[in-house]
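Please open the structure in a viewer and keep the selection tool at hand.

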Amino acid sequence: MSQQYSSVELIGDETVRHFTMAVLLAALTAALSQISIPLPGTLPPFSLQPFGMFFAGLLLGPLWGGLALALYLLVGIAGVPVFSNGNAGLGYVLVGQGTGGFLVGFLVGTVVAGAVVHRGTTPRDRRTVSVPVQVTGLVAALVVVYAIGVPWLSAVTGLPLTRAAAVMAPFVPFDLLKLGIAVAIVEGGYLAVR
């Protein structure tokens, strides 16, 4: 007596592919955050962390890109030194150096960028998205990051809001430069999603 078995696909290939990309982008964000330059006083470090947010939003959309940055944050909160300059822990996010708002902003910014670029929760073929739409999504993400990060920095450090904004203003041109580099890398196919 022979028995026949049929395979049942519990999780689709697309889901596995997107989850794998989210994990890889979380790891990439952790690696990029280690490339940072500590700055004196209350200034947050100059780091390459925003690239993680940019890539996640551009490549994976709001759901899977958000998952990538959520994984990155959760690993850091759990104590793995994945934040800039090897920092970690819930205390660092809440009150450490006043930069926790920017970390939370990266998560929310990824969701916003992904929603603008992909116009839905499911990632669409990036080749169908024009460069101006990609840039618009990433600029919106940066606005969100600063909208959350600057008041958080002000609250934690005791700086007046306008002073905190002035402290962060020199970072804006560098973040816009990173944005342009991120779009060029993705457009060049150097982080192709297959």
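This is a predicted model: local features need pLDDT of at least 70, side-chain atom pairs count only at pLDDT 80 or more; totals for chains, interfaces and linings use all residues.

The tour begins with the whole chain and then turns to individual residues.

**The whole protein**

The protein has 7 helices and 2 strands. Followed from the N terminus, the elements run α-β-β-α-α-α-α-α-α. A box of roughly 80 × 40 × 25 Å, taken along the principal axes, holds the C-alpha atoms.

Of its 194 residues, 43% count as buried. Among contacts with a separation of 6 or more, 70% are made by residues 24 or more positions apart.

**A nonpolar patch**

Select L74, I77, L90, L94 and V95. Together these residues form a nonpolar patch on the surface, with about 450 Å² of accessible area. Which helices each supply at least two residues of the patch? They are helix 2, residues 50-77, and helix 3, residues 90-94.

Within this selection, centre the view on L94. L94 belongs to helix 3, and its relative accessible area of 44% makes it partly exposed.

**Two loop residues with positive phi**

Move to the loop between helix 2 and helix 3, where N85 is located. Although N85 is not a glycine, its phi is positive, at about 60°. N85 counts as partly exposed, at 34% relative accessibility.

Now select R119, which is found in the loop between helix 4 and helix 5. R119 is likewise a residue other than glycine with a positive phi, here near 55°. With a relative accessible area of 61%, R119 is exposed.

**A buried glycine**

Select G98, in the loop between helix 3 and helix 4. Is G98 buried or exposed? At 1% relative accessibility, it counts as buried.

**Charges and salt bridges**

Colour the charged side chains next. The protein has 8 positive and 6 negative side chains, and the centres of the two sets lie 10 Å apart. Side chains of opposite charge can pair when their charged atoms come close. The structure holds 4 salt bridges, and three of these pairs are visited here, including R127 with D125, R126 with E187, and D175 with K178.

Begin with R127 and D125, whose side chains meet in a salt bridge at 2.9 Å, N to O. R127 is exposed, with a relative accessible area of 67%. D125 counts as partly exposed, at 37% relative accessibility.

Continue to R126 and E187, where the side chains also form a salt bridge, at 2.9 Å from N to O. R126 lies in the loop between helix 4 (100-118) and helix 5 (131-157), while E187 lies in helix 7 (residues 171-187), so this pair ties together parts that are 61 residues apart in sequence. R126 is buried, with a relative accessible area of 17%, whereas E187 is partly exposed, at 35%.

**A last view**

The nonpolar patch formed by L74, I77, L90, L94 and V95 is on the surface.

Key. Residues are numbered from 1 along each chain as its sequence is written. Side-chain values use heavy atoms; hydrogens and water are left out. Patches are made of residues with over 30% relative accessible area and no salt bridge: like charges are joined within 9 Å, nonpolar side chains (Val, Leu, Ile, Met, Phe, Trp, Tyr) within 5 Å. Accessible areas come from the Shrake-Rupley method with a 1.4 Å probe; for residues, only the protein chains shown count as cover. Helices (H or I, at least four residues) and strands (E, at least two) are DSSP runs, numbered from the N terminus. Buried means under 20% relative accessible area, exposed over 50%, partly exposed in between (1.4 Å probe, protein chains only). Contact means heavy atoms within 4.5 Å. Lys and Arg count as positive and Asp and Glu as negative; His and the chain ends are not counted. The place of a charge is taken as NZ of Lys, CZ of Arg, CG of Asp or CD of Glu.
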